[in-house]
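Me: I am new to this protein. Could you walk me through it in short questions and answers?

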Amino acid sequence: MPINIDYSERLKQLPPYLFVEIDKAKREAKAAGRDIIDLGVGDPDLPTPKFIVEALNKAAQDGANHHYAFDSGLKELRVAIAEWYQGRFGVRLDPDTEIYPLIGSKEGIAHLPLAVVNPKDKVLVPDPCYPVYRSATIFAGGKVVSLPLKAKNEFLPDLEKVEKTEGAKLMYLNYPNNPTSAVAPKEFLAKLVSIAQAKGIVLASDLAYSEIYYDEQKPSSILEIEGAKDVAIEFHSLSKTFSMTGWRLGWACGNAKLISALAKVKANVDSGIFQAIQIAGIAALKGDPREISDMRAVYQERRDCLINGLRSIGWKIPPPKAAFYVWAKIPKNFNNSMEAAQTFLEKANIVMTPGVGFGENGEGYIRMTLTVPKERLTQAVERIQKIL
Ligand code: PLP
């Protein structure tokens, strides 16, 4: 007889997964053979560059790489990350104390609160956001304090609210942002660092999209700000930069005490990253930077194709400055984002993500990704025109 399994309170507390209905409808539509244009997934369609795959192939043949890896990863990987950060952001990091490899950045983002948040501690979480910030806070028993991201504030949180929230322990920030595509100016980051220093708030900066930017406007790392290492840990990843989402390789860097705390949690949860993947990651980081600029050019062309196409049919959306997301106000003929997403799927065979799934302040918006070829984006515009 099966026993009665009662889920833990923390699991019960997770917000409802609002993408369930859309996911189900998408699967059914695909199974029914409908020609679906999927603008829902935040996963590059571009393949991982060949030289990285070849590096993995070679490393996977070597039995020395088949054992448990060191928790803190290969020293060569940490050195390669330090050199890449120095080259891209001009930020100096100590490979031994200020860098820690992760099984994808999501893993570190999710584990961090276990290291620094006590039950009932307040955690400042942007809304809308990558949903992991909220669930990770709940898993650690923390209290989510929402920071609304509004178009009128360029989708930046209100720093006055950050300053006035008494007892906040941790704050997540993510620029370039998923889902809004906003970027944070350096002045904003500098103000935030000085507030965090004054109020004792740990800053967790999620920089997963730093290399997907447009019009040559490079996003900054928070660690470029003087004093940031006093308060900040930053999460980065090979997933989007090198189209390696399935490989699971990222890292945390910044404040050494935070890195060490996260390492302690991880030492009790996982046993490091397959060494052959680490070696392929070193190849990626040391590779020709033109691989990244070529990728950027592809996304920029797609961005222009979709934004100009939608503009030509009367749906005017500010072009994203970074990331591969288009965050659009839903057209007036819909009551809410879920209804819009359902209609686009049912009537146009296009998957889009309803904004409300990223938080209540995402209501009224819909997210489209640039992870399909240009020709499909052109087709999507033609299909959308028939509905609007
Ligand atoms: N951060 C943001 C904002 C994301 O959108 C994602 C993935 O979609 C991640 C982090 C996780 O990336 P990964 O775990 O593949 O490094």
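What follows is a set of questions and answers on a predicted model.

Me: How many bridges join S9 to S12?
Reply: S9 and S12 run antiparallel. Trp 327 stands opposite Arg 367 in S12. S11 is joined to S12 by 2 bridges. For S9 and S12, the number of bridges is 5.

Me: Is S12 enclosed or open to the outside, and how many of its residues are buried?
Reply: Buried means under 20% relative accessible area. On one side of S12, Tyr 365, Arg 367 and Thr 369 are buried; on the other, Ile 366 and Met 368 are buried. S12 is therefore largely enclosed by the rest of the structure, and its buried count is 5 of the 5 residues.

Me: How many residues of strand S5 are buried?
Reply: S5 spans residues 168–173. It pairs in the parallel sense with strand S3 (residues 122–127) over 3 bridges, and with strand S6 (residues 202–206) over 4 bridges. S5 is largely enclosed by the rest of the structure, because its buried count is 5 of the 6 residues.

Me: In S5, what is the bridge partner of Lys 122?
Reply: S3 and S5 pair in the parallel sense. On the S6 side, Leu 170 stands opposite Val 202. For Lys 122, the partner in S5 is Ala 168.

Me: Is Ile 81 buried or exposed?
Reply: Ile 81 is found in helix H4 (residues 75–89). Leaving aside neighbours within four places in sequence, Ile 81 is in contact with Ile 99, Trp 251 and Leu 285. Its relative accessible area is 0%, so Ile 81 is buried.

Me: Is Ile 3 buried or exposed?
Reply: Ile 3 lies in the segment before helix H1 (9–13). Together with Ile 5, Tyr 7, Leu 11 and Phe 139, Ile 3 forms a nonpolar patch on the surface, with about 560 Å² of accessible area. The relative accessibility of Ile 3 is 67%, so this residue counts as exposed.

Me: How far apart in sequence are the parts tied together by Lys 26 and Asp 38?
Reply: The side chains of Lys 26 and Asp 38 meet in a salt bridge at 3.0 Å, N to O. Lys 26 lies in helix H2 (residues 20–31) and Asp 38 in strand S1 (residues 37–38), so the parts they tie together are apart in sequence by 12 residues.

Me: How many residues apart are Lys 229 and Glu 98?
Reply: Their side chains meet in a salt bridge (3.0 Å, N to O). Lys 229 is in the loop between S6 and strand S7 (232–237), and Glu 98 is in the loop between H4 and strand S2 (99–102). This pair links distant parts of the chain, and the separation is 131 residues.

Me: How many salt bridges does the structure hold?
Reply: One of them joins the side chains of Lys 164 and Glu 160, at 3.2 Å from N to O. That pair is separated by about one helical turn, because the two are 4 residues apart in helix H7 (residues 159–164). The total is 26.

Notes:
Residues are numbered from 1 along each chain as its sequence is written. This is a predicted model: local features need pLDDT of at least 70, side-chain atom pairs count only at pLDDT 80 or more; totals for chains, interfaces and linings use all residues. Side-chain values use heavy atoms; hydrogens and water are left out. Two strands pair if DSSP finds at least two bridges between them. Patches are made of residues with over 30% relative accessible area and no salt bridge: like charges are joined within 9 Å, nonpolar side chains (Val, Leu, Ile, Met, Phe, Trp, Tyr) within 5 Å. Accessible areas come from the Shrake-Rupley method with a 1.4 Å probe; for residues, only the protein chains shown count as cover. A salt bridge is a side-chain nitrogen of Lys or Arg within 4 Å of a carboxyl oxygen of Asp or Glu. Buried means under 20% relative accessible area, exposed over 50%, partly exposed in between (1.4 Å probe, protein chains only). Contact means heavy atoms within 4.5 Å.
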